[in-house]
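Please look over the model below alongside these notes.

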Amino acid sequence: MLTPTEGTGGTGAEEELRIQYRIADLERRFGDPADPDNPLGITALLAADERGELLAEAEDVLTDFQLNAEFVPREWGGRLERVDTMGRVLRAVFRRDASLGLGYGATSFLAAVAVWAAGTREQRRRVAELLLGGGRLAIAYHELAHGNDFVRNEFRATPTADGGFRLDGVKQVINNVVRAEALVLFSRTDEAAGSRSHSVLLVDKDRLPAGRLRYLPRYATVGVRGCQNAGVEFTDCPVAGDALVGELGDGVELALRSFQITRSVVPSMILGGGDTALRTAVSFALNRQLYNRSVLEIPHARATLVGAFIDLLICDCLALAATRAVHLLPAETSVYAAAVKYLLPKLLTETTYDLSVVLGANFYVRGGEYGAFQKHVRDLPMISLGHAGTAACQATIIPQLPRLARAAWFTGLPAPDGLFRIRDPLPPLDPARLELVATADGLACSLAGAADELADDSRDGPGARTGEYGEALVALAGEVEAELRGLQEECAAMPAKDRTVLASPRAYAGADRYALLLAAAACLGVWRNQGTGQDAGGQAGPHAASTDFLASPVWPTVALTRLAKRLGRPLPKLPAGWEEHLLDEVLTRYHEARSYDLYDTPLAG
């Protein structure tokens with residue numbers, strides 16, 4: 001039986017070294033994905049994808065690594081202390097196979113988070129014991145008839161006189177529903193309408209009577225084909241009262257609180273797939289000859305690779321802010337989690353399609369040296385589906401915009417510097433501190449006055465590192481601040497109908513603009529909080545080169561240019577040589593096998 005344990009403590013530098021060691025260990029175990037003789041390489045992973053399976057040898061590696069410990073809080077014997085670290089570790093899996101990342105691990109966390117948030121001590125012990133023993137959980141929110149409107153779900157857990165429940169109904173498109181030893185079920189426990197109509201149950205399948213549970217056929221999908229998505233039907237199935245997670249009627253609140261964590265961290269994980277897509281395109285551009293010159297010599301190909309790299313950095317900046325906000329800004333996380341879950345898959349999907357032009361006809365090849373690319377193109381859009389899909393995330397953002405526009409933007413406090421420091425320690429994860437709606441918006445507030453601050457930095461003082469990019473950065477910061485003021489006026493005047501499910505296309509466009517503005521604020525925040533050659537703890541370390549790159553004004557200038565273009569704002573003229581500077585970084589990271597994210601992580605191959 002598991003018992004709570006104490007955390008390891010240590011300085012920020014020591015904690016960061018432990019994280020780096022875990023990631024390096026996982027990379028070592030998987031080996032070079034491009035090595036044709038690697039039994040865990042892309043050739044084997046693509047073959048498993050064609051069969052619609054998870055690669056068994058890869059699952060064995062994750063079991064031996066004890067990946068499930070990443071999903072169990074340290075007090076219950078696992079390694080979970082902070083969600084930004086979970087995102088970093090899982091990138092090593094997702095950069096090889098999104099099906100493996102979801103099918104082996106992330107799905108279990110999506111289910112377990114409800115138990116960590118509201119479960120009893122015994123429920124937490126059971127889930128920790130199951131996961132640390134290599135078992136699986138499945139989360140059953142979805143019913144096809146109601147899509148993202150899960151409050152209308154019909155699956156019933158009818159309370160009984162003995163304090164238990166009787167389960168009746170169908171849940172569909174549930175990853176690992178057959179393989180999982182336990183299910184977390186979102187169930188109707190009251191026929192009355194309203195937010196108290198549903199509850200969450202933790203059901204151990206081996207405690208169910210025979211013949212009351214039936215599996216429905218597996219659903220075939222275009223992407224993440226190795227994931228075992230199927231349905232389940234319960235018929236008059238009794239479960240004990242100790243299955244209830246939280247209180248009766250807590251289902252909606254518990255779901256919304258859990259979503260803040262899962263929506264924040266899953267987008268961070270899938271950046272690994274974007275890394276592989278860019279790395280594959282760079283390999284093709286370097287090695288493929290066209291008209292007696294390499295594809296890399298074609299100006300459009302060079303611009304596309306650089307643009308994809310900057311898009312990955314934009315995504316990671318927003319993912320960083322969202323995952324760290326879970327710990328630092330729990331009263332604001334609801335809107336940040338929805339924004340990153342909406343925007344990041346959208347940007348990555350568009351980026352991979354841009355890169356597909358570089359590969360040309362090889363984009364369609366399902367095997368061989370470049371076959372990984374088409375798999376990631378198919379897999380990435382699947383991450384935005386389900387109960388936390390694009391529309392659901394926008395529907396979370398829209399009703400909050402009028403209140404934030406009136407009471408937070410330009411009047412609240414800016415986000416703390418710790419939100420943007422990529423290796424700084426964080427306070428422990430505490431789901432109970434998360435608010436259902438945002439009461440402040442420090443990330444957006446950090447755009448207020450940013451142009452004036454940058455203008456001061458470009459003239460004198462210790463922050464004078466904008467150089468020849470200073471004028472462009474000041475102009476771009478002014479444009480995004482002006483966009484926020486325009487959005488503030490629109491949101492303050494938003495009709496009541498637009499704050500409901502009947503919201504107009506204009507309201508949805510406002511949610512898109514807001515997410516882009518948060519991304520701009522995150523990019524500025526990350527850049528302004530980078531010291532030269534410093535790692536966690538303030539000492540020069542192995543990531544000094546990447547920190548030097550992040551401290552340069554080139555990448556945030558180009559990042560804000562790309563975001564301002566999406567927002568339809570005027571664009572300043574950039575200094576000469578920016579594309580060459582960024583392309584050098586892209587090629588250096590490719591040749592030295594380092595990741596295309598903020599962490600510049602050494603990779604196997």
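1. Gln 66 sits in the loop between α3 (56–65) and α4 (83–94); helices here are DSSP runs (H or I, at least four residues) and strands are DSSP runs too (E, at least two), numbered from the N terminus. Gln 66 is not a glycine, yet its phi is positive, about 60 degrees. With a relative accessible area of 44%, Gln 66 is partly exposed, where buried means under 20%, exposed over 50% and partly exposed in between (1.4 Å probe, protein chains only).

2. On the basis of these notes: this is a predicted model, in which local features need pLDDT of at least 70 and side-chain atom pairs count only at pLDDT 80 or more, while totals for chains, interfaces and linings use all residues. Residues are numbered from 1 along each chain as its sequence is written, and side-chain values use heavy atoms, with hydrogens and water left out.

3. Asp 236 is another non-glycine residue with a positive phi, in this case about 45 degrees. Asp 236 belongs to strand β7 (residues 229–239). Its relative accessible area is 35%, so Asp 236 is partly exposed.

4. Leu 256, Leu 436 and Val 437 make a nonpolar surface patch of about 200 Å². Patch members have over 30% relative accessible area and no salt bridge, and nonpolar side chains (Val, Leu, Ile, Met, Phe, Trp, Tyr) are joined within 5 Å; a salt bridge is a side-chain nitrogen of Lys or Arg within 4 Å of a carboxyl oxygen of Asp or Glu. Areas come from the Shrake-Rupley method with a 1.4 Å probe. Val 437 lies in the loop between α12 (401–407) and α13 (442–445) and is partly exposed at 41% relative accessibility.

5. Which residues touch the most other members of the largest nonpolar core? They are Trp 409, Tyr 514 and Trp 555, in a core of 177 residues. Such a core is a set of buried Ala, Val, Leu, Ile, Met, Phe, Trp, Tyr and Cys residues joined through side-chain atoms within 4.5 Å. Helix α8 (residues 299–328) gives the most to this core, 18 residues. Another core, of 21 residues, lies apart from it and includes Ile 174, Ala 180, Val 203 and Leu 208.

6. Leaving aside residues up to four places away in sequence, Trp 555 touches (heavy atoms within 4.5 Å) residues including Ile 310, Leu 313, Cys 317, Trp 527 and Leu 582.

7. The model has 0 disulfides, a disulfide being a pair of cysteine sulfur atoms within 2.5 Å. For Cys 227, the nearest cysteine sulfur is that of Cys 393, 19 Å away. Cys 227 is buried at 2% relative accessible area, and Cys 237 is buried at 0%.

How values were computed
Patches are made of residues with over 30% relative accessible area and no salt bridge: like charges are joined within 9 Å, nonpolar side chains (Val, Leu, Ile, Met, Phe, Trp, Tyr) within 5 Å.
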